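Biologist: I am new to this structure and would like to learn how to read it. Could you walk me through it, one feature at a time?

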Amino acid sequence: MIRVVTLDPFDDKQLAKLNRTLYTAFGVGSEHSGTAEIPPGLGEPLDAEKLLDQVKGIRAYQDDKVLLLTSRKLKERELPSGVAPTPGFARQGKDRAVITLLPHKDLEVGFKPVARHALHQLGHLWELHHCLDPRCSMYPPWTPSFSSGEPIFCTFCREKSEQKIRLAKS
């Protein structure tokens, strides 16, 4: 099950649309599982790694994946190649990810790129790596064409995610 937990107010219809997109991509249930508070002491921009470690009050089962959704800016990450913007973050093979809808003003306006980032970060939770197919949501998100693509997986990444999900259930 994918549990979408909001850190800010979002339109229920747009959250339902996002959950349908996640269900279509992964073939597992996806639902809005409520809201959570930003932990005290985390100022803006939000440090994605600290946020994943410190956010409390999320009810989930062992094999659930949790996607935190915020409208706030996430802190840029320091990489060997320089500083990179952070539209989302996940620890490979773990159970939580976070995405921001910024630079879009709301989920309706930025639906395709936000949904694509959601698939990308959730894909990392199921141990998917970056893909060479620019149509795939696992394509590197720092590329200029990433945000204009559809929130879908290529055949290879879809099959790989299905394998990982089946293994997690057994």
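Modeller: Gladly! Let us begin with a term: contact means heavy atoms within 4.5 Å. Helices (H or I, at least four residues) and strands (E, at least two) are DSSP runs, numbered from the N terminus. This is a predicted model, where local features need pLDDT of at least 70 and side-chain atom pairs count only at pLDDT 80 or more, while totals for chains, interfaces and linings use all residues. Residues are numbered from 1 along each chain as its sequence is written, and side-chain values use heavy atoms, with hydrogens and water left out.

Biologist: Which residues of H1 and H4 meet?

Modeller: On the H1 side they are Thr 24, Ala 25 and Phe 26, and on the H4 side Arg 158, Ser 161 and Ile 165. To sort them, Ala, Val, Leu, Ile, Met, Phe, Trp, Tyr, Cys and Pro count as nonpolar, Asp, Glu, Lys and Arg as charged, and the others, Gly among them, as polar. The contact of H1 with H4 then has three nonpolar, two polar and one charged residues.

Biologist: At what angle do the axes of H1 and H4 cross?

Modeller: Axes are lines fitted to C-alpha atoms, for helices over the stretch in contact, with angles from 0 to 180 degrees between N-to-C directions. Here the two axes come within 9 Å and cross at roughly 90°. That makes H1 roughly perpendicular to H4 (under 35 degrees is roughly parallel, over 145 roughly antiparallel, 65 to 115 roughly perpendicular and the rest oblique).

Biologist: How do the axes of H1 and H3 cross?

Modeller: Helix H1 (residues 12-26) and H3 have axes that come within 10 Å and cross at roughly 45°, so H1 and H3 are oblique to each other.

Biologist: How much space lies in the largest pocket?

Modeller: About 590 Å³. On a 1 Å grid over the protein atoms alone, a pocket is an open set of points where a 1.4 Å probe fits, with protein on both sides within 12 Å along at least five of seven lines; lining residues have an atom within 4 Å of a point. Grid points are joined across faces, edges and corners, and the volume is the space filled by probe spheres set on the points. Of 28 lining residues, Arg 77, Pro 85, Thr 86, Pro 87 and Pro 141 are closest to the centre of the largest pocket. H3 (111-125) supplies the largest share of that lining, six residues, and the lining divides into 14 nonpolar, eleven polar and three charged.

Biologist: What volume has the second largest pocket?

Modeller: About 160 Å³. Its lining has four nonpolar, two polar and six charged residues, including Asp 63, Lys 65 and Glu 127. Helix H4 (residues 155-169) gives the most, three residues.

Biologist: Where is Glu 127 found?

Modeller: In the loop between H3 and H4. Phi of Glu 127 is near 65°, a positive value in a residue other than glycine.

Biologist: Which peptide bonds are cis?

Modeller: One from Glu 44 to Pro 45, with omega near 0°, and one from Leu 102 to Pro 103, with omega near 15°. Pro 45 is in the loop between strand E2 (30-35) and helix H2 (48-54), while Pro 103 is in the loop between strand E7 (96-100) and H3.
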